[in-house]
Amino acid sequence: MKKVAEVVELYRKLARIPQPSWARISKSLGSCAVVNSVWTYRDLERADKVQFAKTYCANKTSEAKYEVTFTSRPQELANEQWNVESPSGNLRAIVRKITGKKNEEKQFVEIWNGSQKLQNIDVLSLEKHGKIYDNDGYFGSVEWSHSEGHLLYVAELKYPKAISFFEKKHADVKEDETKKDETKEKGVKGEEYVMKEEWGEGMVGKHHPVICILDVDTGDIRILDNVPDHVSPGHVVWAPDDSGVVFTGWCHEPYRLGVIYCINRQSAVYYLDFQKATCEALTDPDGAARCPVFSPDDSSFVFLQSNRKGPHNHCSCLCKYDWQKKESTVVCDIVGTPKQNGFPGVYEVTIPRDCWSTDNKRIVIGSLWRSQAVILVINTETKAVIRLPSDCGGDISVCHVWNDVIIATCSAPNQPHYLVIGQLPAEGQEFNIQWSPLDSPSALFGDILWKILVHRPTKERIHPKYDTLDYESVFIKPSNAEQSSRSLVVFPHGGPHSVFTTEFMLYAALFCQSGFSVLMVNYRGSVGFGNDSVFSLLGNVGDQDVKDVQAAAEEVISKEDIDPNKVVIWGGSHGGFLTAHLIGQYPSFYKAAVCRNPVINIASMSGSTDICDWNFTECGLEFEYKSLADGNSMSIMWSKSPLQYVDKIQTPVMLMIGLDDRRVPPKQSYELYKALKARKVPVRYIAYPDNGHPIVKVDSEADAFINIYKWFTDYLPQ
Ligand SMILES: CSCC[C@H](NC=O)C(=O)N[C@@H](Cc1ccccc1)C(=O)O
């Protein structure tokens, strides 16, 4: 087993490995494909995630392969929140965040042509709106009009100035409601401390988004004010002929529930028509539709439709809206249980911009296919679905599609991420795509082996309704026995409706290079295996998921060279919930445990999480906005919570929380901490400031890993 000091140096080395955050083909068509990319790496010395840009030129060779003829040197990027090329490729819009002289946050909207900055607008000083939203995958949007004369973006509503009842300067401002509008420019009394609902975890400061339109010639900004009062707009795009805007509207009445990781929120696709000054829902206002993406000829757009209410994440339906006929059709329906290893359905929160082929028939999107991230080519007319081959056998995710050229990022548990380029073959030939790496990828970790394990529930664990369900794990181990400590980290994911795929993950690679094998379990309830798997877990959390993980662990120990006395476990959020359950239900099996922001007591959490619907749904209870966690509900929630087993726990537990977590309140961990302290079970509680639900601040993430490694090795037999 490596010493802690050695693992610190290993962490320093692997943390520097960059990962592509985005990559797009420049639309300025020339002789070669120009690919602009932005990469991110963890800068431990600066305790910050640092971004740099890289540009590639690639020429297509005869057999549809590409030869890279130029690669720029990495250019560090500063403060770019958005960088969006215009349809012709002649202009570029950049939203830049700057700290002002008085340490205030400023945002500049910059318009560039090929050689200079044409506009440099200090937008917040104009007091037209609040902060421009970043690219959060839900509300944030920056889009050029087809004419390239306007830029649309989403920002926070500008609230009237809040003034105190006791402020003398504005003594003339009346509290009278009828006067409110006239006094708005002076301010409104008594509003200083009124709570503004937020959209929960990961959406701090985002209360009420508004759609803004900048005239790039004059610099004038107007706010679209006929968005329905009950919806918050996002995924905003221009309608054909710039006749208006089309967007996802999330209903925020009667109150906002957390939206990140949740595709079950009430939302519809709306069209705001400039000429008619109307805003109408194009999809069912009571549904959960999102993310309209128009075809190149603007004849239609595709969008995703999910189950409103129910599990926070699940299979989505891919639909197409015909702009002329004003009607929607289903292209890929929700899949309950796929045939054998067949198409399991579409699992994506958003559809990438520019996902269409030039023939206006096919789209290229990312999705999940059991334990792998994949790229699908879907023919929106024939409804044929083709899974593209990965380049390295691991994950492949689409970055950009333009002019039938695809940019994708590939990785595997032993292969850091790298970019590839490929020409989309003709209809029906998609599987023959040829990928060409844009960069020589970071070295393959030859000392890490990985495979996907398939698990079938034993007879007594078969789900009564979904009796054909199986599940998987991604298993990684050191390639040579000398390096292996024969120790195993069991690692259940969170969600519970998420999934471990075969991508490169820093922590997993570090554990493996430090001598551990790692078992990442995609228990029933994970996404990517069909909706029946997701729904099989509802009402069975704390039992079916726990037994699936334990069975997978015992199977691997019996089949691999693992010492059963050297098994530890760790997980985050629902993964932390499972960790706490497993050490309670199998008290002598795990030598040490770590929980990151774990759900410990569903009952006590129901009033403080940003997604209180999760507590009801996962416990098999109906949820309505007016639902109360009454005695009966609390009793059911308690019966599925790991805290009930605390008297059985012997395993030393380390708890790690993000103090700003809005998803799982830090007090959840404190409940377990106190209970274990009172029972003299070794327990350690680490609290990271400025971290939310995922503990990903660079210094916190680094400290967390070394603490986890030390906690495990302190309790493992040497
Ligand atoms: C009331 S919090 C329930 C646990 C939480 N579920 C949803 O947010 C959770 O396990 N979070 C995951 C993050 C995640 C959730 C869904 C899809 C992908 C990731 C976690 O932190 O690991």
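A polar contact is a pair of N or O atoms within 3.5 Å; within protein, one must be able to donate a hydrogen and the other to accept it, and residues adjacent in sequence count only if both atoms are side-chain atoms. The model shown is predicted, so local features need pLDDT of at least 70 and side-chain atom pairs count only at pLDDT 80 or more, while totals for chains, interfaces and linings use all residues. Residues are numbered from 1 along each chain as its sequence is written, and side-chain values use heavy atoms, with hydrogens and water left out.

**View A. Serine 641 and its surroundings.** Serine 641 sits in the loop between α9 (631-639) and β37; helices (H or I, at least four residues) and strands (E, at least two) are DSSP runs, numbered from the N terminus. A polar atom of the serine 641 side chain is 2.8 Å from the backbone nitrogen of isoleucine 602. Neighbours within four places in sequence aside, serine 641 is in contact (heavy atoms within 4.5 Å) with Phe577, His581, Ile600, Asn601, Ile602 and Ala603. Serine 641 counts as buried because its relative accessibility is 0%. Buried means under 20% relative accessible area, exposed over 50%, and partly exposed in between (1.4 Å probe, protein chains only).

View B. The ligand is surrounded by 17 residues, of which Gly495, Ser573, Arg596, Arg663 and His693 are the closest; a residue is near a molecule or strand if one of its heavy atoms lies within 4 Å of it. The shell comprises five nonpolar, 10 polar and two charged residues. Here Ala, Val, Leu, Ile, Met, Phe, Trp, Tyr, Cys and Pro count as nonpolar, Asp, Glu, Lys and Arg as charged, and the others, Gly among them, as polar. An oxygen atom of the ligand lies 2.8 Å from a polar side-chain atom of serine 573. A polar backbone atom of histidine 574 is 3.0 Å from an oxygen atom of the ligand. For histidine 693, an N or O atom in the side chain is 3.0 Å from a ligand oxygen atom.

**View C. Helix α10.** The 12 residues of α10 (residues 667-678) should span 16 Å at 1.5 Å a residue, and the end C-alpha atoms are 16 Å apart, which agrees. The expected span is 1.5 Å times one less than the number of residues. Gln668, Ser669, Leu672, Tyr673, Ala675 and Leu676 of α10 are buried. These buried residues pack against α7 (602-605), β37 (653-658) and β38 (683-688).
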